[in-house]
Amino acid sequence: MKIEIRGEELILDKERAIYLPNEKLLAISDLHLGKAAHFRKAGLAIPNTVSQSDIIRLENLLQKYLPTTLLINGDMFHSDYNTEIDEFANWKANFREIDFILVKGNHDRQKEDVYRNLSIEVYEPSYQTDQFCFIHDIAHCNSNLYTISGHIHPGISIYNKAKQRLKFPCFYFAENFAILPAFSTFTGLQLLKPKTNDQVFAITPSKVLQV
């Protein structure tokens, strides 16, 4: 789905990403790599396929949009260094032509040499384009640019024709800020109540739907 914010086109993808054609920039938030391994270390039987599925989705997006920059808007890694980060490093080697940018989030606690060895450019607290300020937690933003954040894993409730209550991740756009959905499917949802004139786009299995 295409929308326009402050004169610039944004493409909202059902794989929980946005693409800025003018910038050739693909943006996601809350990737949480290593979360499954973190829970396995704690004794919970979380299959490795959880993270592998997210990486496959991300690879498909890179092949679809061919961006020059991938921006991860916080919480790229969920916890301490683990095997999933090594797997990510091997995968990332296939995309040397793409600049990887991380806007640090509250879970991004790796040592600086981890990011350096992965050739990931780190920004804290924000990364700015001509029109947009990307920051993980909007509460920490003091920019006059249109702010795009993540962090809260936004969701929306929709009632279908059978009056069943369905919950979906969503993109949330207000007058001066937006909130991206969590890219990782291994996350919960914080249900939002839209304010008047705010725009909400539910991410259903088949498409992005304005509600």
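These legends accompany several close-up views of a predicted model.

**View 1. The largest nonpolar core.**
This core holds 28 residues. Those with the most contacts inside it are Leu 26, Leu 70, Met 76, Phe 77, Phe 88, Trp 91 and Phe 100. Seen by element, two or more residues each come from β3 (17-20), β4 (25-28), α2 (49-65), β5 (69-72), α3 (83-92), β6 (99-103) and α4 (112-117). Helix α2 gives the largest share, 5 residues. A second, separate core has 23 residues. Among them are Ala 27, Tyr 127, Ala 178 and Val 208.

**View 2. Trp 91 and its contacts.**
Which residues does Trp 91 touch, not counting those up to four places away in sequence? They are Ile 55, Leu 58, Glu 59, Leu 62 and Phe 100. Both Trp 91 and Phe 100 are listed with the most contacts inside the largest nonpolar core.

Met 76 sits in the loop between β5 and α3. Is Met 76 buried or exposed? Its relative accessibility is 0%, so Met 76 counts as buried. Leaving out residues up to four places away in sequence, Met 76 touches Leu 31, His 32, Leu 33, Phe 88, Leu 102, Asp 108 and Ile 120. Ser 51 is 25 residues from Met 76 along the chain. The C-alpha atoms of these two residues, Met 76 and Ser 51, are separated by 12 Å.

**View 3. Strand β6 and its two partners.**
Why is β6 described as largely enclosed by the rest of the structure? The reason is that 4 of its 5 residues are buried. Strands β5 and β6 pair in the parallel sense, over 4 bridges. Here Leu 71 stands opposite Ile 101 of β6. Strand β6 is also joined to β7 (120-123) by 4 bridges, and these two strands run parallel. In this pairing, Leu 102 has Val 122 of β7 as its bridge partner.

**View 4. The largest pocket.**
The volume of this pocket is about 180 Å³. Its lining is made of Ala 89, Lys 92, Ala 93, Arg 96, Ile 98, Asp 99, Phe 100, Asn 117, Leu 118, Ser 119, Ile 120 and Glu 121. Which elements supply at least two residues each to the lining? They are α3, β6 and β7. By type, the lining residues divide into 6 nonpolar, 2 polar and 4 charged. Two names link this view to earlier ones. Phe 100 lines the pocket and is also touched by Trp 91. Ile 120 lines the pocket and is also touched by Met 76.

Strand β10 covers residues 146-149. Tyr 146 and Ile 148 point one way from the strand, while Thr 147 and Ser 149 point the other way. All of these residues are buried. Strand β9 (residues 132-135) pairs with β10 in the parallel sense, over 3 bridges. Phe 134 has Ile 148 of β10 as its bridge partner. Strand β13 (residues 177-179) also runs parallel to β10, and 3 bridges join them. There, Ile 148 stands opposite Ala 178 of β13. Ala 178 is also one of the residues of the second core.

**View 5. Asp 30, a buried charged residue.**
Asp 30 lies in the loop between β4 and α1 (35-41). Its relative accessible area is 0%, so Asp 30 is buried. How many residues separate Asp 30 and Phe 183 in sequence? The answer is 153, yet their C-alpha atoms are 5.6 Å apart in space. Phe 183 is one of the contacts of Asp 30. Setting aside residues up to four places away in sequence, Asp 30 also touches Gly 74, Asp 75, His 136, Gly 150, His 151, His 153, Ala 182 and Ser 184.

**View 6. Backbone exceptions.**
Most residues other than glycine have a negative phi, and most peptide bonds are trans. Arg 16 has a positive phi, near 70°. Arg 16 is in the loop between β2 (8-13) and β3, and is buried, because its relative accessible area of 15% is under the 20% cut-off. Ser 119 has a positive phi too, near 55°. Ser 119 is in the loop between α4 and β7, and is exposed, with a relative accessible area of 53%. A cis peptide bond joins Glu 124 and Pro 125, with omega about 10°. Pro 125 belongs to the loop between β7 and β8 (126-128).

Notes
Residues numbered from 1 in each chain as written. Predicted model: local features only at pLDDT ≥ 70, side-chain atom pairs only at ≥ 80, totals over all residues. Heavy atoms only, no water. Core = buried A, V, L, I, M, F, W, Y, C linked by side-chain atoms within 4.5 Å. Buried < 20%, exposed > 50% of the residue type's maximum accessible area, 1.4 Å probe, protein only. Contact = heavy atoms within 4.5 Å. 1 Å grid on protein atoms, 1.4 Å probe; cavity = no way out; pocket = protein on both sides within 12 Å on 5 of 7 lines; lining within 4 Å. Points joined across faces, edges and corners; volume = space filled by probe spheres on them. Nonpolar A, V, L, I, M, F, W, Y, C, P; charged D, E, K, R; others polar. Pairing = 2+ DSSP bridges.
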